[in-house]
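Here is a set of questions and answers for a first look at a protein. Each answer sets a value against the rule behind the word.

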Amino acid sequence: MTTRRPARPGGAKLRSARPSSNGARPHGARAGSPRPGRTGRPPRPEESSGPRPKVTALVIDSVAEALATILRFDGPADALMSRFFRQHHELGMRDRGQIAEAIFHALRRYATLGWVLQPAHPSRAPRFAALVTLARQHGLDALDPRALRGDVNAVKHALAVDLSSAPASVRAELPHWLYAEIERQYPDATELVEAIKEGAPLDLRVNSIKAEREAVLEELRAHHVAVEPSRYSPDGLRLVDKPGLMQWPAYREGRIEVQDEGSQLIARLVQPKRGEMVVDFCAGAGGKTLALGALMRSSGRLYAFDINEKRLTSMGPRLKRSGLSNVHPVAIRNESDVRVKRLAGKCDRVLVDAPCSGSGTLRRNPDLKWRFSEAELARVNEVQHAVLRAAARLVKPGGRVVYATCSLLARENQDVIEAFLAQHPDFHVVPAATVLRAQKIDVDHMARFAPYFVMLPHLHATDGFFAAVLERAR
């Protein structure tokens with residue numbers, strides 16, 4: 001019932017309570033993510049203008065120390081990196097920025113890093129991994145020669161390794177099993193894989209209870225913030241930079257929230273109306289819950305269920321800022337909790353933001369691809385089927401359940417829906433394009449994935465999302 005989420009704003013520049021990839025924490029930029037350009041694609045290091053920064057011995061040593069912990073992959077990289085920075089007060093903001101970028105560069109390109117380091121392994125040679133990572137980013141000449149400690153020839157050798165002989169999954173920077181799934185499922189897998197390698201932009205949702213998008217846009221531009229209206233979401237803004245937005249009045253006063261544009265459209269697919277009874281079945285820290293409450297104009301009843309009470313508690317400050325009064329967070333034991341059963345057949349709308357592999361959020365969570373296995377996928381897949389069945393029981397005749405994930409994999413998406421429909425003939429699919437167009441939202445490539453909702457990094461410059469709108473017969 002708890003979903004795997006994209007990383008929160010954090011690390012070197014931003015701080016927030018631990019919030020996708022889908023609602024347990026706000027969709028936003030990770031520390032160290034490259035700055036997105038106006039096209040939504042972050043520039044590659046070699047495309048950056050101006051002189052390359054010098055990399056000090058302190059930064060090199062710090063990256064090595066951080067990688068020694070993070071490359072064990074026994075916890076989320078953003079949490080481990082935040083703890084590292086809390087333990088190293090001597091690091092300045094510029095140092096922290098370089099360190100964060102290096103760590104996420106290593107995670108995004110971990111497969112080829114391991115390939116060029118052979119016979120060494122990144123987790124067992126974190127200093128060597130740090131040197132090669134920083135040299136790949138900034139060039140060997142940018143590294144403090146004193147910090148190389150006689151390793152210059154080994155680093156040069158690693159940089160000179162020809163990757164053309166590496167397996168396709170290594171060049172794709174993915175585990176073999178995940179690469180095989182993507183290649184089998186997508187005819188444009190090459191473009192998708194390249195997009196996954198890059199960092200993600202930072203998107204905001206304007207809280208329509210408190211402000212209008214144009215007013216917030218003007219306010220931010222008046223303060224010299226590079227920001228643009230999002231391409232699809234009527235409530236979205238996309239930042240060109242990664243500023244410390246937690247200090248902005250617009251954020252502190254609840255007029256904006258961090259949320260990926262694709263996630264905003266999931267809430268639009270639910271299409272809740274004023275006065276209705278709505279359930280966010282796997283609410284996490286409430287990213288989509290808050291979006292649903294705003295669409296309901298703070299009327300009706302909106303239940304936020306989750307088995308993780310700590311995550312629900314973290315919704316508190318965000319809920320207070322939002323100004324919403326119709327949200328009721330409820331910690332439950334499982335999908336069969338008596339508090340869930342009481343709502344059977346009574347709800348107008350139910351959102352199932354299902355637990356998933358998080359493969360659609362790898363631009364924000366590059367460590368996730370190395371921490372999530374096929375065995376874990378099988379376990380989560382069973383939960384997905386069970387959660388959808390339980391959530392559907394809450395829907396009244398004529399009501400709808402929206403099943404959503406931040407996964408790229410059909411096994412977690414289309415296959416789950418097809419299995420559900422085969423067992424529940426009283427439900428049918430409502431085309432996602434129809435639901436969005438009724439709200440004057442037209443998303444590219446909808447026909448390709450009809451009747452479902454699919455957004456992909458290389459097609460939409462968002463995280464990867466899937467959703468299906470299912471309506472119960474009257």
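Q: What makes β2-β3-β1-β4 an open sheet with antiparallel pairing?
A: This is a predicted model, where local features need pLDDT of at least 70, side-chain atom pairs count only at pLDDT 80 or more, and totals for chains, interfaces and linings use all residues. Residues are numbered from 1 along each chain as its sequence is written, and side-chain values use heavy atoms, with hydrogens and water left out. The sheet has four strands, in the order β2-β3-β1-β4, and their pairing is antiparallel. Two strands pair if DSSP finds at least two bridges between them. β2 (227-229) and β4 (256-258) each have a single partner strand, so one side of each has no neighbour in the sheet. On average, neighbouring strands are turned by 30° against each other, direction ignored.

Q: How do you know that β1 and β3 pair?
A: Count the bridges. Four of them join β1 to β3 (residues 236-239), and the two strands run antiparallel. The rule asks for at least two, so the pair qualifies.

Q: What makes a run of residues a helix or a strand?
A: Both are DSSP runs, numbered from the N terminus: a helix is H or I with at least four residues, a strand is E with at least two. By this rule the protein has 22 helices and 12 strands.

Q: Why is Asn207 called buried?
A: Its relative accessible area is 3%. Buried means under 20%, exposed means over 50%, and partly exposed lies in between (1.4 Å probe, protein chains only). Asn207 is therefore buried. Asn207 sits in the loop between β1 (202-206) and α11 (213-222).

Q: Which residues are in contact with Asn207, leaving aside its neighbours within four places in sequence?
A: They are Gly254, Arg255, Ala294 and Ser322. Contact means heavy atoms within 4.5 Å.

Q: Which residues of helix α9 are buried?
A: In α9 (residues 176-185) they are Trp177, Leu178, Tyr179 and Ile182. These residues pack against α8 (168-171), α10 (189-196), α17 (368-371) and α18 (374-392).

Q: What makes a group of residues a nonpolar core?
A: The members must be buried Ala, Val, Leu, Ile, Met, Phe, Trp, Tyr or Cys residues, joined through side-chain atoms within 4.5 Å. The largest such core here has 53 residues. Ile182, Phe281, Val350 and Val352 have the most contacts inside it. Helix α18 gives the most to this core, with seven residues. Apart from it lies another core, of 42 residues, among them Ile60, Val63, Ala77 and Ile103.

Q: Why is the pair Asp188 and Arg448 called a salt bridge?
A: A salt bridge needs a side-chain nitrogen of Lys or Arg within 4 Å of a carboxyl oxygen of Asp or Glu. Here N and O are 2.8 Å apart, so the pair qualifies. Asp188 lies in the loop between α9 and α10, and Arg448 in helix α21 (residues 446-449), so the bridge ties together parts that are 260 residues apart in sequence. The structure holds 27 salt bridges.

Q: Are Asp188 and Arg448 buried or partly exposed?
A: Asp188 is at 13%, so it is buried. Arg448 is at 37%, so it is partly exposed.

Q: What makes Asp367 and Arg371 a salt bridge?
A: The closest N and O atoms are 2.9 Å apart, so this pair passes too. Asp367 is buried at 0%. Arg371 is partly exposed at 29%. Elsewhere, salt bridges that share partners join Asp260, Arg363, Arg364 and Asp463 into one network.

Q: Why does Arg364 count as buried?
A: Its relative accessibility is 1%, so it counts as buried. Arg364 lies in the loop between β8 (347-353) and α17. In the whole protein, buried residues make up 61% of the 474 residues.

Methods
Axes fitted to C-alpha atoms, helices over the stretch in contact; angles between N-to-C directions.
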